[in-house]
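Dear colleague,

Please find below the structure that I am handing over to you. My findings follow after it.

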Amino acid sequence: MSDSMPCVLTIAGSDSGGGAGIQADIKSFQERDVFGTSVITAITAQNTCGVQGVYPVEAKAVQQQLQSVGEDFFISAVKTGMLFNTDTIALVANAISEYRWKNIVVDPVMVSTSGHILLEEEAIDTLKTKLFPLARIVTPNIPEAEHLTGLKIEKDIDILKAAERILSMGVKSVLIKGGHKKDEYVEDVYVDEKGVCIRFSSKRIDTKNTHGTGCTFSAVLTAELGKRNNIDEALMTSKRYIQSAIENVISLGHGHGPTNHGA
Ligand code: PLP
């Protein structure tokens, strides 16, 4: 590795099954040629069949990991994933200000596809008020966008309404990922505070092996922003990466298999 390699940070939960969370992020960073550091906020006992247990990491340990990374590395982009509770969100927001981290990608992870709670209900407001204003971009999927805004997203126009509502929470830009809709094409919609709107479309691949795709998308985006790429280029690279990972899926485990990073 060259000593000029960009360093990025993921602040997220561990997935013992290796498909989502910290593990997906670090694999994505490696594939996109950035050096990945990590702050682990929770340990999940998890596999392709679901989440069997969630163990939040105590605040002091989260704080110390943030400090260890913040005091040593020059971090050019940060991804936040599963933060689980209010204490952790507050610590993360403080660290972002203290270490002047930029290019913050907030993936508002709330519930796993298998239905397990990954963010306590009372922490959602803290996420909106403390972390969103620090974000370069927030990347909800459709259920997360619905939860954040209280809107039901059915038609195309509803996506734009939800994006506007998320922008009004003080974020610079939002990408609503369309993978949960069942249309022939998956459309991700990007909107920023200046009114720029970009749509990223791809053919839907019919597979159940999509565990960790949300984490992977945001991790690639973080890597690309960490390399100082423009947001539109970074989004395009992330979209291509995730499409290829889903097209070349590997079947592992007995449930929803992980995305294929080497694809
Ligand atoms: N587990 C962890 C630690 C995560 O960060 C996420 C991601 O959002 C998930 C599980 C959920 O993954 P999925 O909904 O793709 O199964």
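At what angle do helix H1 and H7 pack, and how far apart are their axes? In this predicted model, helix H1 (residues 21-31) packs against H7 at an angle of about 40°, and their axes are 8 Å apart. Angles under 35 degrees count as roughly parallel, and those of 65 to 115 as roughly perpendicular; H1 and H7 are therefore oblique to each other. The crossing in which H1 passes H7 is right-handed. On the H1 side, the contact is made by Gly21, Ala24, Asp25, Ser28 and Phe29, and on the H7 side by Cys215, Thr216, Ala219, Val220 and Ala223. By class, the residues of this contact are 6 nonpolar, 3 polar and 1 charged.

H7 also packs against helix H8 (residues 231-247): the two axes come within 8 Å and cross at roughly 145°. Here too the handedness can be stated: H7 passes H8 in a right-handed crossing. From H7, the residues that take part are Thr213, Thr216, Phe217, Val220, Leu221, Glu224 and Leu225. They meet Glu233, Ala234, Leu235, Thr237, Ser238, Tyr241, Ile242, Ala245 and Ile246 in H8. The contact of H7 with H8 divides into 10 nonpolar, 4 polar and 2 charged residues. Thr216 and Val220 of H7 are listed in the contact with H1 and again in the contact with H8.

A further pair of helices is H2 (residues 59-72) and H3 (residues 86-98), whose axes come within 10 Å and cross at roughly 20°. H2 and H3 are therefore roughly parallel to each other, and their crossing is right-handed. H2 contributes Ala59, Val62, Gln63, Leu66 and Gly70 to the contact, while H3 contributes Asp87, Thr88, Leu91, Ala95 and Glu98. Of the residues in the contact of H2 with H3, 5 are nonpolar, 3 polar and 2 charged.

Yours sincerely

Technical notes:
Residues numbered from 1 in each chain as written. Predicted model: local features only at pLDDT ≥ 70, side-chain atom pairs only at ≥ 80, totals over all residues. Axes fitted to C-alpha atoms, helices over the stretch in contact; angles between N-to-C directions. Helix = DSSP H or I, 4+ residues; strand = E, 2+ residues; numbered from the N terminus. Parallel < 35°, antiparallel > 145°, perpendicular 65-115°, else oblique. Left-handed = near helix turned anticlockwise from the far one by under 90°. Contact = placed C-beta atoms within 7 Å. Nonpolar A, V, L, I, M, F, W, Y, C, P; charged D, E, K, R; others polar.
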